[in-house]
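Dear colleague,

I am handing over the structure below. My notes on what was found in it follow.

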Amino acid sequence: MKVSVIGAGVAGLAAACTLVERGAEVVLHEAAPAAGGRCRSYFDPALNCRIDNGNHLLLSGNHAVMGFLNRIGAHDSLSGPVEPVFAFVDLKTKAHWKLRLNRGRLPWWVVSAARRVPGTRARDYLALLKLRRAGVDDLVAPLLAGTGELYRNLLEPLAIAALNTPPDAASAAPLRAVVAETIERGGAASIPRFPKVGLSESFIDPALAWLVARGAEVRLGRRVNALVAGEKTILAVPPWVAVELLPGLVVPSEHQAILNLHFKCRIDPGETGFWGLVGGVAEWAFAKGEILSVTVSAANKYAEMDNATLAALVWADLQAAFGLGAMPEHRVVREKRATFAATPAQLKLRPATRTVDKNIMLAGDWTDTGLPATIEGAIRSGNAAALAMLEQNPL
Ligand SMILES: Cc1cc2nc3c(=O)[nH]c(=O)nc-3n(C[C@H](O)[C@H](O)[C@H](O)COP(=O)(O)OP(=O)(O)OC[C@H]3O[C@@H](n4cnc5c(N)ncnc54)[C@H](O)[C@@H]3O)c2cc1C
């Protein structure tokens, strides 16, 4: 069986790998000159180094991610702390603290004041049980904001990072899915992971090499403008492209931006290599060799703010957190449609893998994975599309 996979983001790459592994002939089409989509690295001439389009944080419980990396031989390309530990800085008080989960399923870390969020009590964490009952129409803020310091210092930053949507508009259902697969499974499933070198070095280049070595054809810089009738196709493009290629398809249509600010500045990565920053504009900071890189999610609210103002605000946060000097060279990267907005209305627009045409399957972080728009969701969607194609058209 010959299958065209359109889009070489992680969803398309995962689909292509699953198909090739099961003996299908694959042609992978990518519009951009390089593969990777929203998960890629590139050389930035202003900073004179390679950067990622955005910091991507994974957790050890992201089993589809780990399976994909194992398959393409890149399982040792991730880095991060050895233990389930998250460092935070409160930008108002300049206090540094760490959340230290224990590895096992029984979360005894909540009864240890030294391990849990400062200013919280063990019983505050019972609020997480509310998440278990969350349906798609339950919003994050009304459900969880009553937990005071726990919400401000942990649940809100976690929700914004996972959902890329303001918590007063975001559905709690996809957050429930993330928590169920990570924190609820214990610290061993919640160890932070990120690429040692870059996103492309972990996810993209090894996948392309793996595919080419097994006979797949990879066509970069080839935008697909129309589907070929009767051709077996996995559409792994963003939703706004999918709807152009497949008119009548219902897809999420609202998006949220993510900002990444890359500063030429080397700081000690400490135990974790990254920090959650609470109470400012900057939300997460990653020490990546000569680059200190900051992420701001759910960032449509900064659409009108110019890059210079934004960089000054974020640098002031970094100064408060790490006692840094004058602002160095930097680059502001705005991913305007970073992910679909995880609101109840948008979640209800996510399509299933199968379409009305048995020859066309859908993949992408915006399809109905139950997860937020993440690498884990994208890879699962790609695997699911490949398996659905194989089931529909046995080899
Ligand atoms: C700044 C930023 C930070 C993020 N942080 C995290 C994080 O911390 N953790 C996490 O898990 N996830 C994170 N994400 C989300 C993650 O990057 C995405 O979920 C994932 O990369 C989506 O992959 P995809 O394959 O579904 O889509 P895409 O990456 O969008 O891939 C679609 C591909 O289709 C191609 N294409 C489009 N039109 C055509 C056409 N007509 N013909 C051929 N090809 C076409 C595109 O060029 C693209 O390569 C982040 C995203 C961004 C932008």
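**The sheet and its helices**

Seven strands, that is 7, form an open sheet in the order β8-β7-β13-β14-β15-β12-β16, and the pairing is mixed. The edge positions belong to β8 (96-100) and β16 (330-340); each has a single partner strand, so one side of each has no neighbour in the sheet. From one strand to the next the twist averages 25°. Please keep in mind that this is a predicted model.

Within the sheet, β7 (residues 85-90) and β13 (residues 274-278) run parallel and are joined by 4 bridges. Ala87 has Trp275 in β13 opposite.

Two helices lie across strands of the sheet. Helix α5 (residues 149-163) lies across β7, β8, β13, β14 (284-288) and β16, and runs at about 110° to β7. Helix α9 (residues 307-322) lies across β7, β8, β12 (255-264), β13, β14, β15 (291-296) and β16, and its direction is at about 65° to β12.

**Two residues with positive phi**

Most residues other than glycine have a negative phi. Lys94, in the loop between β7 and β8, has a positive phi near 65°. Asn164, in the loop between α5 and α6 (173-181), also has a positive value, with phi near 50°.

Are these residues buried or exposed? Lys94 has a relative accessibility of 52% and therefore counts as exposed, the cut-off being over 50%. Asn164 has a relative accessible area of 2%, which is under 20%, so Asn164 is buried.

Regards

Notes:
Residues numbered from 1 in each chain as written. Predicted model: local features only at pLDDT ≥ 70, side-chain atom pairs only at ≥ 80, totals over all residues. Heavy atoms only, no water. Pairing = 2+ DSSP bridges. Axes fitted to C-alpha atoms, helices over the stretch in contact; angles between N-to-C directions. Contact = heavy atoms within 4.5 Å. Buried < 20%, exposed > 50% of the residue type's maximum accessible area, 1.4 Å probe, protein only.
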